[in-house]
Amino acid sequence: MLSLKKAVVALHSTRHVVISNMSVLDGRGVGLMATNVTDVHLASIVSSLHGQQGIVMTSATDSSITGCSVSETGCGAVRAHGGDAAMLARGNLTVSNNSITRFALWKRTYQAGIHWAGVANSFTDNNVSNGPHNCFLGGGNEADPSSTLAGVDCLFEGNSLEGCAFEAADTGAFYVCGQMGSAFINRNNTIRNNMFRDIRNTVGTGVQSASVQAIYLDDQMSGWTIEDNRFINNQVGSFIGGGRDTVVQRNYYESCDTAQHIDDRGLGWQKTTCDCTLICEPLSPGCSCNTGGALWMLSKAAAAATWSARFPDLKNISGDRLCQPAHNVISDNTYCKCGKFIDAEHTQTSSWGTTVENNVEVTC
């Protein structure tokens, strides 16, 4: 039955509830919405044919979305936010074994298959496909300024992303952006053992040439681990957009135009976002200083002392290769039938303090 309400099924300030084996269809808004919940588990739900999102779970703790099928949504498919980066409070959300396809049918951009943010959440063994823009989007400047603030200690493992970003330019199947002072505070996130297949623009663009990446760490986003993934038939496999402290290792790239991209935008057109002194709360109005955003977390955040102890390198960014894509490690990767492995010269990466070694072309 068509529902005109904000959500067909709505939970708010709910605890210790399981909803399972239910079909939720034909909502004008959201299929199933759970906000400010604890120990709420959504399992084996079919959520489809909604005007907005399929499943929304925000301000959530110790909760899960598992074994669900979400498709045919006008906006995003699944939104899962939990935990508070300023407090380093864990969300402990689990989003796993879900099948997500044909989303963003009405609003085509920034409506992800899975939108994520928060602390210590895991996104595992999901199949996300056929999205015109991002299949995974979150953290960075996409986090909630009043709650999650960033993405910290999150795990993305065993997921399959296929046919994403086919209608876009300058984006990624897995996209995270470091604007609004957030580039240096999304720490210790891991993208491991995932499959990225057929990540290409297929419909053409307007004034901008198509640049579509499987994993896109945009605008100096830093501090990630990308390991043991497979990249098959992508325009660009993995992309470091001026960031630092990222490890890219033991990945396999096949039939990619470029396997790995890295650039030094912080030394050029984005210099003002890192060579700056304004200490400001990330994601707050007017905060565009990544260095100052990091210092805010160390000095003014609710868990500032814990931030200082866990991430001591943030204290020294201004004096340690300021604005360079420094201390990245790109090693032990294999590639075949790619146009090139990396689109930066070795002399460049060495001068930035980034290590590129033991990457081997193989036969496939």
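Among contacts in the protein chain between residues at least 6 apart in sequence, what percentage join residues at least 24 apart? The figure is 66%, where a contact means heavy atoms within 4.5 Å. This is a predicted model, in which local features need pLDDT of at least 70, side-chain atom pairs count only at pLDDT 80 or more, and totals for chains, interfaces and linings use all residues. Residues are numbered from 1 along each chain as its sequence is written, and side-chain values use heavy atoms, with hydrogens and water left out.

**Overall build**

- Three helices and 33 strands make up the secondary structure of the protein chain; helices (H or I, at least four residues) and strands (E, at least two) are DSSP runs, numbered from the N terminus.
- The protein chain is as compact as a globular protein of 364 residues, because its radius of gyration of 20 Å is close to the 21 Å from the globule rule. That radius is taken over C-alpha atoms, and the rule is 2.2 Å times the number of residues to the power 0.38.
- The C-alpha trace spans about 65 × 50 × 35 Å along its principal axes.

**Surface and charge**

- Of the 364 residues in the protein chain, 58% are buried. Buried means under 20% relative accessible area, exposed over 50%, and partly exposed in between (1.4 Å probe, protein chains only).
- The chain has 24 positive and 32 negative charges, and their mean positions are 5 Å apart. Lys and Arg count as positive and Asp and Glu as negative, while His and the chain ends are not counted. Each charge is placed at NZ of Lys, CZ of Arg, CG of Asp or CD of Glu.

**Strand β12 and its partners**

- Strand β12 covers residues 114-119, and six of its six residues are buried, so the strand is largely enclosed by the rest of the structure.
- Strand β8 (residues 78-84) runs parallel to β12 and is joined to it by five bridges; two strands pair if DSSP finds at least two bridges between them. Arg79 has His115 in β12 as its bridge partner.
- Strand β15 (residues 136-138) pairs with β12 in the parallel sense over three bridges. Gly138 in β15 stands opposite Trp116.
- Strand β16 (residues 151-152) also pairs with β12 in the parallel sense, over two bridges. Val119 has Val152 in β16 as its bridge partner.

**Val37, a loop residue**

- Val37 sits in the loop between β3 (30-35) and β4 (38-50). With a relative accessible area of 0%, Val37 is buried.
- Thr14 is 23 residues from Val37 in sequence, yet the two C-alpha atoms are 4.9 Å apart in space.
- Not counting residues up to four places away in sequence, Val37 touches Leu11, Ser13, Thr14, Met57, Thr58, Ser59, Ala60, Thr61 and Ser63.

**Helix α1 and Thr291**

- Eight of the ten residues of α1 are buried, so the helix is largely enclosed by the rest of the structure. Among them are Asn290, Trp296, Met297 and Leu298.
- The buried residues of α1 pack against α2 (304-310).
- Thr291 lies in α1, which covers residues 290-299, and counts as buried at 5% relative accessibility.
- Contacts of Thr291, leaving aside neighbours within four places in sequence, are Phe184, Thr273, Cys274, Cys276, Ile317, Ser318 and Leu322.
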